[in-house]
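Here is a short report on a protein model. Look at the sequence and the fold before reading on.

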Amino acid sequence: MDKNKSETLRQREKAQRDLLELKKMQSGALDTEHLKDDDKKIVPKTLDEKCDNFFYHHKTKLIIFGFLAVVLTIMIASCFTRIDYDATVTIYCYEFVDSETIEETAEWFETFFGDTNLNGKVEVLCTDCSFAKETDFAETITQKQMKIQAVLTSAESLLFILDEESLEYLNSITDSFELFSEENIVELDDSYYNSLSGDRLSFKDKNKKRFLCLRTIDDTLIEGKAQKYFDEAKKALQKVRNMK
């Protein structure tokens, strides 16, 4: 009889303890970590489940790594596909210049340069900064003016095709030195114009004077790094002068 009372008392005390713990759990006062059963944790078993689980825990790292891989791939590809030009010629005239004239100008100048980068061929880049003053597109003029400003800071862009107005303008932008001195200016003649296609849309008025001009680099910010390009451009300018 006493044994049965003792057992009943123990069960009643256990029920009270369980009820107390339940109330503590509901109120947040009891740490439930010790109640977790490790044997009942969900463990990924299939390949798909393992992949999903891995991505869930490492998705931030994977996204960052993927982004860096794409950027690196683009940079490497651009290095292999970028053309290493032997020289650069910039056309800056106050008139419309079509793409065909730009391409043919680059081809014409390739005969005056050597293989300066030693890659087995001569390639010249022709950059167009020209615009017609009477154009209605103010944005076009602004873009071309910004482009010519960028070109003037480049150590590789030393030869320019200019008309009388654009030559006067560029020589007026600084008082400290003359950007294009007379000794480095050659008027383009029929040898140049005859190299262009007869059905071109620009440079058809041969009465308009256009000049091949080599810019000054002495006492400028590009003097040191531009010297090797200047020497080659000087040789090309002299070859054009000798054709006259």
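## Terms and basis

Two strands pair if DSSP finds at least two bridges between them. Strands (E, at least two residues) and helices (H or I, at least four) are DSSP runs, numbered from the N terminus.

This is a predicted model: local features need pLDDT of at least 70, side-chain atom pairs count only at pLDDT 80 or more, and totals for chains, interfaces and linings use all residues. Residues are numbered from 1 along each chain as its sequence is written, and side-chain values use heavy atoms, with hydrogens and water left out.

## The sheet

Five strands form an open sheet in the order β2-β1-β3-β5-β4. The pairing is mixed.

Strands of a sheet pair through backbone hydrogen bonds, either parallel or antiparallel. Here β1 (residues 87-92) and β3 (residues 157-163) are parallel, with five bridges. Thr 90 has Phe 160 of β3 as its bridge partner.

## Strand β5

β5 runs antiparallel to β3, joined by five bridges. Asp 163 is bridged to Arg 210 in β5. β5 is also antiparallel to β4, through three bridges. There, Glu 187 has Phe 211 of β5 as its partner.

Is β5 buried or exposed? Five of the five residues of β5 (residues 210-214) are buried, so the strand is largely enclosed by the rest of the structure. Buried means under 20% relative accessible area, exposed over 50%, and partly exposed in between (1.4 Å probe, protein chains only). Arg 210, Leu 212 and Leu 214 point one way; Phe 211 and Cys 213 point the other way.

## Pockets

A pocket is an open set of points on a 1 Å grid over the protein atoms alone, where a 1.4 Å probe fits, with protein on both sides within 12 Å along at least five of seven lines; lining residues have an atom within 4 Å of a point. A volume is the space filled by probe spheres set on the points, which are joined across faces, edges and corners.

The largest pocket has a volume of about 350 Å³. Of its 18 lining residues, Tyr 85, Asp 86, Ala 87, Glu 156 and Tyr 229 are the closest to its centre. α7 gives the largest share of the lining, four residues.

The second largest pocket has a volume of about 220 Å³. Its lining includes Leu 152, Phe 177, Arg 215 and Asp 219.
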